[in-house]
Each structure stands twice: as C-alpha cells, then as structure tokens.
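Hi everyone, thanks for making time this morning.

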Amino acid sequence: MRIPEWAAKYQRNWRDLGLPAKLLMLTAVFVMLAEVLIFLPSISTFRVDWLNERLTAAQLATLAAEGFPGGDVPSGLRAEMLRTAQVKAIASRRQGVRRLVLPVDPQMTIDAHYDLRQRPESWWESIGLRLEQIGDAIAVFFAPDGRTIRVLGSIGDDPDDLVEIVMPEAPLKAALNAYALNILGVSIVISLATAALVYFAISRLLVRPMMRITRAMVHFRQDPEDPSRIIVPSSRHDEIGVAERELGEMQRQLSGTLLQKTRLAQLGLAVSKINHDLRGMLANAQLLSDRLTAVPDPTVQRFAPKLIASLDRAINFCNDTLRFGRAEEAAPRRELMRLKPLVEEVGEALGLPREGSLDWVLDMDDTLRIDADRDHLFRILSNLVRNAIEAIEGAPGSPHGEIRIRAWRDGRRVFVEVHDNGPGVPQKAREHLFEAFTGSQRKGGTGLGLAIAAEIIAVHGGHVRLLETDKGATFQFEIPDRGVHYDPDGPEATAVSAPAPRDRA
C-alpha cells in the first residue's frame with residue numbers, strides 16, 4: 001500500500017525533529033485529548049441542567065395557574081409566564097389527570113423530543129444514557145437555527161407525574177455555545193500550563209540526561225583511546241544513573257582494550273624488526289655450538305647437547321614470536337613423554353637449584369608420562385617457574401626460597417603444580433591474572449608469561465588456575481590426554497570417543 005505524499009512528508013518531518021520538540025508536541029496532544037474527554041461530559045451535564053431549570057420554571061408556572069379559578073390564566077399573565085420560563089407551551093400530568101397550563105400554538109411544528117425522566121437501573125444503562133446525552137449535546141451545535149423542541153421531566157417521586165414544555169432551541173444553543181467557549185478557553189490555558197510543566201519536568205529528568213549520554217557517546221567515538229572522553233556519571237541512583245555508570249564502565253573497558261591492542265601492535269612491530277637479526281645471531285651461535293661436539297673434553301660433551309637444544313629452542317621461539325598476536329596458538333605436536341626429564345631440563349635452563357638461596361624440589365614419579373607438545377610444555381613450565389623465581393627474589397629481605405614442582409596422573413589427565421614460598425599474588429593482580437599486559441605486578445614485567453602459559457594450556461584442552469594457599473603462590477594446570485576435554489562445571493573431565501595416545505618413548 002502506497003503512503004500518501006502528505007503522510008510521507010509528515011513522517012520525514014517527524015523523524016527530523018529532536019527529542020525535546022517531539023516531547024513538547026506529544027505532551028500538548030495528550031493533554032488536549034484529556035481535556036476533550038473532560039469537555040464532552042461537561043457540555044452534556046450543562047445541557048441537562050439547563051433544560052431542568054426550564055422544567056422547574058414551567059412547574060412554578062403550573063402552580064401559579066392552579067391559583068386561578070378554573071385554571072384560566074389571563075392573556076397578559078400567560079405571556080409573562082411564557083417569557084419567564086422561556087417556553088412556548090406548558091402541560092402537566094398529576095395523579096393521572098393531564099392539564100394544559102399554557103396551550104401550544106396549533107401552527108407550531110416540533111422538531112425534536114427529549115425525555116429527562118430516564119432512571120438507569122444498572123451501570124451499563126448509566127453509561128448508555130451518558131453517551132446518549134453527550135450525543136444530544138453535540139447535535140445542538142450542528143442543529144439548524146429556528147428548531148422547536150419538546151422536553152419532558154418528572155414532578156415529585158411519582159413516575160406518572162410529569163411536566164412537559166415546548167420551547168425554541170435557540171436559547172439552549174446560545175447558552176451551550178457560550179459555555180463551550182468558556183470551557184475551551186480554560187482547557188487551552190490548562191493544557192498549555194500542564195504541557196509546559198510536564199515538558200520541563202520530563203526534559204530535566206529524562207531528555208537532558210539522555211542528550212548528555214548521547215553527546216558523551218558521540219564524543220567518545222571520535223577518539224576512544226582518550227581517557228578524558230569517558231563520561232563522568234552523575235550521582236543519580238535511578239535508571240539514568242545506572243545507564244551513565246554502565247556506559248562509563250563500558251567506555252573505560254573499551255579504552256583499555258584499545259590501548260592494550262595498540263601496545264600489542266607496537267610490540268609486534270618492534271619484534272618483527274629485531275626478529276631477523278636475532279635469528280641470524282642464534283644461527284651463528286648454533287654453528288659454533290655444533291663444533292663443540294667435536295671437542296673430546298668430558299665436560300664439554302656433557303653440556304654441548306643441552307646448549308644445542310637450548311639454541312634450537314630459542315630459534316623456534318624467534319620463528320614463533322608473533323604467534324601470540326594471532327587469534328590462537330597453533331595446534332600442538334603432541335607425544336606421550338616422561339615429564340620429569342623435561343622438568344629437570346627447565347631447572348637446568350633457569351639455573352636451579354641455587355646453592356644457599358633457592359631450592360628446587362621435584363615431587364613426581366619417575367615414570368609419570370604426559371601427552372603434550374614438548375616445546376609447548378617447556379614454555380609453560382619456564383614461564384611459571386621464572387615467575388616464581390622473580391617473586392622470591394623480589395620479596396623484601398629475599399628469604400631462602402623454594403620452588404616445588406608436584407605432578408600426578410588422575411585417570412586420563414595429568415595435573416602439575418608449581419609452588420613457591422614467595423610473597424604470593426596480590427589481590428589486585430588476581431583480577432586480570434591471565435590477561436596480557438595486565439597481570440604483572442613486578443616492576444619491568446610485561447604480564448605476558450601467565451597469558452602465554454594459559455593460552456598454550458588451553459590449546460591442549462587444559463586449564464590453569466591459582467590455588468588459595470596460606471603462604472606463597474601455587475599455580476595448578478592440567479593437561480588431558482588426546483580425546484579428553486576439560487569440563488569447568490564438573491569435577492571430572494569428560495572423555496569423548498577417541499583412541500588413547502600411544503607411548504612414543
């Protein structure tokens with residue numbers, strides 16, 4: 001269905017209006033509708049009251065006529081009574097006897113009849129009568145001039161007694177027009193005053209705060225990384241106040257996220273610049289270390305393989321430096337291997353134990369095997385152990401430290417705990433512990449270690465958590481075997497249909 005041109009133009013104009021203008025127009029319209037609902041019953045009541053006054057005057061004229069012998073009223077007095085009652089004829093019926101008090105002109109034509117004796121017996125009939133009276137009142141405004149009407153009313157409590165008048169409708173129409181104009185004027189004044197009060201109240205309570213929130217959103221969008229553009233919430237406790245506080249919190253989180261991503265982009269750019277040169281240096285070191293294998297010295301022969309493995313691992317780290325900036329870690333190359341030798345290799349790479357200052361305790365079975373990527377697991381343990389070393393060495397007084405690695409198998413999952421007796425993890429750091437650039441509380445730290453460890457563990461289908469301890473910090477992570485996924489809502493991991501991994505050792 002095609003919309004008429006005038007309607008389409010109205011819709012465009014309405015869409016172009018601001019919220020204050022729409023509010024003012026809607027308030028005025030709704031108040032006028034309310035006044036119309038009051039106006040219609042008012043004119044109906046006025047019409048009924050006016051006609052009842054004429055019936056009362058006619059009843060008085062009837063009583064005066066009964067004072068004359070035979071009810072024969074002199075012509076001069078009859079004209080005065082008709083003028084006073086504003087009627088052309090009066091008749092009454094009392095105790096079943098009908099009496100013509102002031103006779104009607106035989107040439108007169110009656111245009112409408114109204115009976116005011118109706119007494120509704122239910123609320124439904126009362127509503128119907130009220131609607132009928134409203135319709136009769138409205139019809140008066142549109143009725144042609146010069147009409148004559150006949151009106152019937154009750155006398156006393158007896159429903160059979162009545163008074164009847166014949167009168168011109170012009171006086172009623174004139175009185176109703178004057179009353180309607182008065183009501184219209186008062187309604188307009190009340191509507192404007194009410195609309196203004198409602199407008200200013202709603203504008204102050206709702207429109208202005210919403211415009212402030214809108215301006216804050218537009219202002220923030222222009223430069224989301226600028227903290228000064230974050231909205232400052234008011235002290236309101238209603239829904240507007242909640243919206244302001246939630247918007248401010250959302251803007252702070254978004255600004256922080258954008259700043260973090262900017263730092264990540266800058267970090268990636270810086271790393272990509274040094275990656276090539278560093279990889280070349282490590283390649284030269286690898287060539288030199290290969291020559292050490294030809295030296296017959298027993299000490300050299302003992303440490304040369306470990307040095308070569310460390311250099312190979314460093315080169316692989318350089319090649320995968322930017323992997324953390326991707327959506328997810330690459331799929332691990334898993335194998336079923338013994339865990340304890342790898343943990344011992346981590347300790348040797350980090351110089352553990354350290355005589356007199358730092359103990360290195362391994363609490364695990366020599367035959368314990370784990371299904372994981374060797375290089376990935378080395379990175380996980382290196383990050384966790386390095387964090388433990390830094391926490392112990394950074395503690396006030398630098399007490400004698402201990403790092404304990406505990407591991408065990410539970411079904412098709414392997415649990416590993418890295419415990420230190422350092423100062424523990426501050427409460428502030430726990431809120432964003434595994435988020436990049438946010439979890440570190442050490443001066444000069446990047447906060448990447450735990451984030452990288454958590455991501456690699458997640459790639460293996462596992463989970464890492466900080467345990468509540470009385471002293472120090474304990475990080476526990478689990479690596480499920482292939483074909484097992486982590487269920488955070490249940491005490492047990494749920495196995496899916498897949499073959500168990502084979503021992504490659």
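This is a predicted model: local features need pLDDT of at least 70, side-chain atom pairs count only at pLDDT 80 or more; totals for chains, interfaces and linings use all residues.

The protein chain has 11 helices and 14 strands. Of its 505 residues, 34% are buried. If you take the contacts between residues at least 6 apart in sequence, 67% of them join residues at least 24 apart.

Let's go to helix α8, residues 339-349. Which residues of α8 are buried? They are Leu 339, Lys 340, Leu 342, Val 343, Val 346 and Gly 347. You'll notice that a lysine is on that list. Looking down the axis of α8, these buried residues fall within an arc of 165 degrees, so they line one face of the helix. As for what lies over them, the cover includes the strands β6, β7, β8, β9 and β10, along with helix α9.

Now follow the chain out of α8. Gly 351 comes after the helix and has a positive phi, near 75 degrees. Then look at the peptide bond from Leu 352 to Pro 353, which is cis, with omega near -5 degrees. Pro 353 sits in the loop that runs between α8 and β7. For background, most residues other than glycine have a negative phi, and most peptide bonds are trans.

I mentioned α9 as part of the cover, so let's see how α8 and α9 meet. In general, two packed helices are described by the angle between their axes and the distance between the axes. For α8 and α9, the angle is about 50 degrees and the axes are 10 Å apart. At that angle, α8 and α9 are therefore oblique to each other. Their crossing is right-handed. On the α8 side, the contact is made by Leu 339, Leu 342, Val 343, Glu 345, Val 346 and Ala 349. From α9 come Arg 374, Leu 377, Phe 378, Leu 381, Ser 382 and Val 385. Sorted by class, the contact of α8 with α9 has nine nonpolar residues, one polar and two charged.

Helix α9, residues 374-393, has another partner, and that's α11, residues 449-459. How do the axes of α9 and α11 cross? They come within 9 Å of each other, at roughly 150 degrees. The two helices α9 and α11 are therefore roughly antiparallel. The crossing of α9 and α11 is left-handed, whereas the one between α8 and α9 was right-handed. Here α9 brings His 376, Arg 379, Ile 380, Asn 383, Leu 384 and Asn 387. They meet Gly 449, Leu 450, Ile 452, Ala 453, Ile 456 and Ile 457 of α11. By class, that makes seven nonpolar, four polar and one charged residues in the contact of α9 with α11.

Let's stay with α11 for a moment. Nine of its 11 residues are buried, so α11 is largely enclosed by the rest of the structure. The buried ones run from Gly 449 through Ile 457, and Glu 455 is among them. Part of the cover over α11 comes from α9, and β11 and β12 also contribute. Just after α11, you reach Gly 461, which takes a positive phi of about 85 degrees.

Now please turn to another part of the chain, where α4, residues 123-142, packs with α5, residues 170-222. The axes of α4 and α5 come within 10 Å and cross at roughly 100 degrees. That makes α4 roughly perpendicular to α5. In this contact, Ala 137, Val 140 and Phe 141 of α4 meet Leu 172, Lys 173, Leu 176, Asn 177 and Ala 180 of α5. The contact of α4 with α5 has six nonpolar residues, one polar and one charged.

Is Val 232 buried or exposed? Val 232 is exposed, with a relative accessible area of 60%, and you'll find it in the loop between α5 and α6. The other one is Glu 249, in helix α6. Glu 249 is partly exposed, at a relative accessible area of 35%.

That's my tour, and I'm happy to go back to any of these spots with you.

Methods: Residues are numbered from 1 along each chain as its sequence is written. Side-chain values use heavy atoms; hydrogens and water are left out. Axes are lines fitted to C-alpha atoms, for helices over the stretch in contact, and angles run from 0 to 180 degrees between N-to-C directions. Helices (H or I, at least four residues) and strands (E, at least two) are DSSP runs, numbered from the N terminus. Angles under 35 degrees count as roughly parallel, over 145 as roughly antiparallel, 65 to 115 as roughly perpendicular and the rest as oblique. A crossing is left-handed if the near helix is turned anticlockwise from the far one by less than a right angle, and right-handed if clockwise. Contact means heavy atoms within 4.5 Å. Ala, Val, Leu, Ile, Met, Phe, Trp, Tyr, Cys and Pro count as nonpolar, Asp, Glu, Lys and Arg as charged, and the others, Gly among them, as polar. Buried means under 20% relative accessible area, exposed over 50%, partly exposed in between (1.4 Å probe, protein chains only). The arc is that of the directions from the helix axis to the C-beta atoms.
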